[in-house]
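This report covers a single protein chain, its overall make-up and two selected sites.

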Amino acid sequence: MAKLDVMRRKARGSSMSTSRWFTSFSNWVAQVTGRPITFGFCLLVILVWAFSGPFFGFSDTWQLIVNTGTTIITFLMVFLIQNTQNRDGAAIQAKLDELIRASAAQNVFIGIEHLTQEELDEIRAKCEAKAKAETAASRAEAAANRKAAHAAEKATS
């Protein structure tokens, strides 16, 4: 039994190590690819490719090189960007949950990102209705206060 626990810990450690490596790698790629110098480099590569067209007679191989290269890079970047976006979204959600938990806000909103679209639409509709009701109540209260102030002013003058 102890040997099984050791194997499980090693497997988790290996998985965590891979996960940490991928996280670091995707962060690094996101940082590098988001820089103007990277865009400039890619633009230069495309310009060199375009200007080399006449030398290669605009052949099928010449076209295949850029098509294949851009397809492979795009395919891989989708996964890296999605990984970064998933982690950013989860971090923001955790921060919002903590703000809700620590404030006077309703704790029932913690974790609603796991609900279905229909359930979220229902909650949004209830929140909007509540906000409209509160706005109407505030307007009515302000109008009543103005009337009371006017009446008090009239009574004292």
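W49 sits in helix 2 (residues 36-51); helices (H or I, at least four residues) and strands (E, at least two) are DSSP runs numbered from the N terminus. The model is predicted: local features need pLDDT of at least 70, side-chain atom pairs count only at pLDDT 80 or more, and totals for chains, interfaces and linings use all residues. Residues are numbered from 1 along each chain as its sequence is written, and side-chain values use heavy atoms, with hydrogens and water left out.

Apart from neighbours within four places in sequence, W49 contacts W62, Q63 and V66, where contact means heavy atoms within 4.5 Å.

I72 belongs to helix 3 (residues 60-102). Relative accessibility decides the class: buried is under 20% relative accessible area, exposed over 50%, partly exposed in between (1.4 Å probe, protein chains only).

| Residue | Relative accessibility | Class |
|---|---|---|
| W49 | 22% | partly exposed |
| I72 | 46% | partly exposed |

The protein has four helices and zero strands, in the order α-α-α-α along the sequence. Of its 157 residues, 8% are buried. Among contacts between residues at least 6 apart in sequence, 37% join residues at least 24 apart.

The accessible surface is about 13,000 Å², and carbon and sulfur atoms account for 67% of that surface; accessible areas come from the Shrake-Rupley method with a 1.4 Å probe, and for residues only the protein chains shown count as cover.
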